[in-house]
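The following exercises concern the structure shown below. Each task is followed by a solution in steps.

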Amino acid sequence: MLHKNPIFIRFCRSELRPKKAFFWYLLVLISTAFAVAVTYAPQVAQGREAMAAARNALLPVMIIQGIILLFMGTGSIASGITREKVDNVLNYQRLTPLPTRDKIIGYLFGLPVRHYVMFAITLPFLAFVLIVGRIPPSAFVPYYLVFFTSTLLYHFTGLVAGMISRKWRWSARISQGLIFLLYFVLPQLSHIGLVFLEFLTVRPVFAEKIIPVIGSNANISIQGMGFMAGQSVPLFTLTLSGTLFSFIIQAGLVVLFAGIVARKWKADSIPAISKKMALITFAAFSIMSLANIWPNLTRAESALNIFQSNGDLGAEIAVVLLPLIMALVTTYLAFVLMTSALPDPMQFRHGRIRAMRLGHDKLNLWEDAAGGYPFIAVLLFIQVIFFGVVIFTLNQAGYYADIELNPLQGLWLLLGTALTLFYFQALKENFGTGMLAMFVLVSWAVPILLAVVIFAVNQDQWPLALAVTGFSPIALIPFSVFQMAPVDELQDNLIHLQRALGVALLTMTGLNVWLHLRLRKLRKALPI
Amino acid sequence: MEPAIDILDLRVDYGDLTAVNNLSLTIGSGEIYGLVGPNGAGKTSTLNVLATLLVPTYGTVRMAGYDLEEDPEAIRARLGYMPDLAPIIGNLKVWEFLDLFAAAHGIWGTEKAKTVDKCLELVGMAEKRHVLCGTLSRGMTQRVVLAKTLLHSPGILLLDEPASGMDPIARIELKDALQNVASEGATVIVSSHILSELSEMATSIGILHKGRLREHGPVMQVLSSLKQASSVIALDLVGDPQPCRQWLADRHIKVTSDEKHPSRLMVELAGDEMHQAQLLKDIVQADFSVHGFQAKHSSLEDLMRAISAEPDEEPES
């Protein structure tokens with residue numbers, strides 16, 4: 001019961017004091033009134049039908065509501081929870097016998113309580129627009145249902161950012177980064193087939209339900225914003241409504257974030273996500289990616305927006321592009337999950353000392369402090385199945401037959417992925433998250449930047465630039481995928497690509513040997 | 001009867017730094033236990049482990065009959081914790097702050113209002129109940145946080161430097177409040193580096209230094225054992241003290257002069273009263289004329305200084 005939640009009551013008291021909140025209420029009242037009046041009144045004055053004028057006023061109201069709840073509300077949660085942590089108030093709450101669920105709900109709805117009131121101030125204007133504009137419930141009800149699940153998702157994002165960051169400043173940046181990622185970066189991947197990422201936002205339901213009913217003036221501006229047209233979502237051989245799919249995908253993320261927050265409530269020092277939770281997330285993401293891109297793999301249609309105008313992708317592109325997209329997206333998700341789930345050297349050390357004092361020879365395989373070899377093995381196993389299905393389906397669809405290519409070339413991709421995953425695991429477990437960031441900057445970015453400089457200085461030196469790129473660990477997967485390209489297409493370039501792959505393979509093998517030997521030595525020398 | 005707190009082989013590591021090293025300690029019900037030590041001794045780490053906020057590297061801790069690792073929730077329900085630099089929610093009024101935590105501890109209705117009032121009165125903050133917490137002075141903040149800690153009548157109280165920032169009257173009130181709570185059966189652990197305040201209120205003390213418990217037991221016993229371990233004797237001689245000084249130095253007894261009293265030597269002696277009597281006898285037999293021999297009372301601060309100056313022990317492997 002929210003009204004009996006002590007944490008929620010606390011925020012109602014502190015955040016809704018008239019002296020503090022009145023300015024914000026007034027700001028929302030004035031700006032919403034202005035937005036509706038400036039859209040509606042001139043059109044009516046010019047003799048336009050009141051219904052059409054009111055419909056045009058819906059968009060500004062929705063934008064104001066989005067700013068209040070999605071952006072300002074999320075920011076207040078992230079910074080508020082970090083302030084509670086830094087000030088040690090969170091520890092007080094940890095010690096109370098209030099159930100973890102109640103604590104999470106209290107903060108989730110309490111921290112942005114003023115923003116909910118600000119949202120409520122916009123409702124009379126919304127009611128006016130809906131009634132005068134005669135907007136059917138079949139349009140706005142699904143929109144607001146998805147809007148509120150999005151709000152919940154974004155607020156959970158803020159809560160996660162606040163719980164995992166140790167500094168107030170960082171939490172604000174992390175949450176802003178996550179929102180930018182969720183709202184602007186990940187949806188762009190819908191253009192390469194991963195349409196489910198578009199459904200993390202309200203944009204698809206807006207395009208599906210609202211655009212058809214709002215005025216033409218607003219329509220032009222929406223098209224200018226490049227919103228995805230309302231469409232159903234491919235899910236293997238099925239198609240789902242965008243609204244339903246939004247619910248499913250957002251609910252999944254809310255469950256994941258709730259799990260992270262609950263873990264961090266129990267103990268601040270443990271990794272943000274358990275190994276098992278990370279594997280389930282990875283498997284779910286892989287299946288969802290596969291389901292979305294299935295029509296392309298089976299040649300049923302081209303759901304890749306960037307190639308949509310060409311119809312069928314064409315075997316030459318498909319055999320490289322589809323595995324490359326899948327490999328890059330899933331491997332980078334694996335990086336994120338590994339960073340969150342694997343122990344840093346100190347966590348491992350403490351876990352090991354603890355286990356030995358309790359009389360155990362080694363740590364439980366799935367314990368938070370345990371090393372990541374079994375975890376990476378399962379991750380790789382999922383990748384193998386995933387790539388296997390992609391290549392098998394491409395083969396079944398006749399892509400390889402068209403270009404006379406042996407699908408076993410896909411083994412290069414598996415090798416590249418395995419080396420990359422084990423490299424990243426060893427990096428994290430050798431040096432921890434702090435040093436990881438430095439390694440990423442130096443060893444990942446520098447070779448690529450150097451290659452860009454070489455190419456910029458003399459474009460004829462592109463084979464050298466390509467080879468230099470091979471020194472960057474993130475280059476191995478793309479170079480492995482290009483081994484699956486038809487030889488005829490690559491012609492003289494093949495030798496250079498193979499050289500670059502050789503450099504990348506040698507670099508990654510060398511790095512893996514060094515890092516894993518170092519890790520072994522580190523763990524053998526562990527003081528008990 | 002099971003002790004209120006039973007710690008066995010507790011160790012806390014932060015990276016390569018060992019903050020608490022093999023600490024074993026038993027504290028009975030109704031005791032006020034003073035945890036003394038300089039900054040970095042491991043007091044706060046120990047209290048954080050007992051407060052279930054820090055997972056130790058290893059060690060077994062039982063509190064109020066529950067194992068810390070197996071049943072932290074049961075311990076939390078019986079625990080009151082006041083951290084160092086006690087945080088407070090600045091934009092809540094004093095009564096709202098207490099109301100929040102009373103409700104979080106499951107106290108509702110009229111009982112909640114009564115409990116809040118009672119705790120505010122106990123710490124002398126009833127008049128400030130409608131003041132915003134953010135406007136309180138440091139000492140007042142400490143008192144409000146103490147009131148918050150007492151809300152659910154915890155069986156075990158952990159107070160990390162509770163008196164810092166308090167004025168002398170508030171300190172006396174704190175002492176009275178803690179003795180009151182202890183007399184009702186609660187166990188109190190108070191940490192401080194202001195040693196005199198602990199010696200007045202604690203029934204037992206433990207001296208932590210570099211993560212190790214150097215001495216512990218009832219206050220008088222610890223003081224006495226430390227005095228036995230090392231005491232300073234003011235030796236007043238007739239005439240030039242230098243020959244006696246040399247005689248003592250030849251016997252590897254540490255001796256210094258007293259600038260204010262030219263005929264006085266300050267002798268540092270390891271051992272109890274018997275050793276002191278033997279030394280006096282030897283000095284007289286060596287034909288030195290003694291007209292004063294007085295063992296100086298060491299303050300807790302002196303003893304702490306002596307402990308801090310001791311060389312580190314080899315870390316355990």
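**Exercise 1.** In this predicted model, determine which residue just after α6(B) takes a positive phi.

*Solution.* The residue is Gly185(B), whose phi is about 105°.

**Exercise 2.** Identify the buried residues of α6(B) and explain why they lie on the same side of the helix.

*Solution.* Step one is to list the buried residues: Leu174(B), Ala177(B), Leu178(B), Val181(B) and Ala182(B). Step two is to consider their directions around the axis: they cover an arc of only 130°, and therefore they sit on the same side of α6(B). Step three is to inspect the other side, where Pro168(B), Ile169(B), Asp176(B), Asn180(B) and Ser183(B) are exposed.

**Exercise 3.** Which residues of the largest nonpolar core touch the most other members, and which helix contributes the largest share?

*Solution.* The core has 123 residues, and those touching the most other members are Val61(A), Leu159(A), Val160(A), Phe196(A), Leu322(A) and Leu394(A). Helix α14 of chain A (residues 315–341) supplies the largest share of this core, 12 residues. Apart from this core lies another, of 79 residues, including Val145(B) and Met201(B).

**Exercise 4.** With which residues is Leu322(A) in contact, leaving aside neighbours within four places in sequence?

*Solution.* The partners of Leu322(A) are Ile293(A), Asn296(A), Leu297(A), Val390(A) and Leu394(A). One of these partners, Leu394(A), was also listed in Exercise 3 among the residues touching the most other core members.

Key: Residues are numbered from 1 along each chain as its sequence is written. Chains are lettered from A and ligands numbered from 1 in the order in which they are written. This is a predicted model: local features need pLDDT of at least 70, side-chain atom pairs count only at pLDDT 80 or more; totals for chains, interfaces and linings use all residues. A residue is buried if 20 or more other C-beta atoms lie within 10 Å of its own, exposed if 12 or fewer, and partly exposed in between; C-beta atoms are placed from the backbone. Helices (H or I, at least four residues) and strands (E, at least two) are DSSP runs, numbered from the N terminus. The arc is that of the directions from the helix axis to the C-beta atoms. A nonpolar core is a set of buried Ala, Val, Leu, Ile, Met, Phe, Trp, Tyr and Cys residues joined through C-beta atoms within 7 Å. Two residues are in contact if their C-beta atoms, placed from the backbone, lie within 7 Å.
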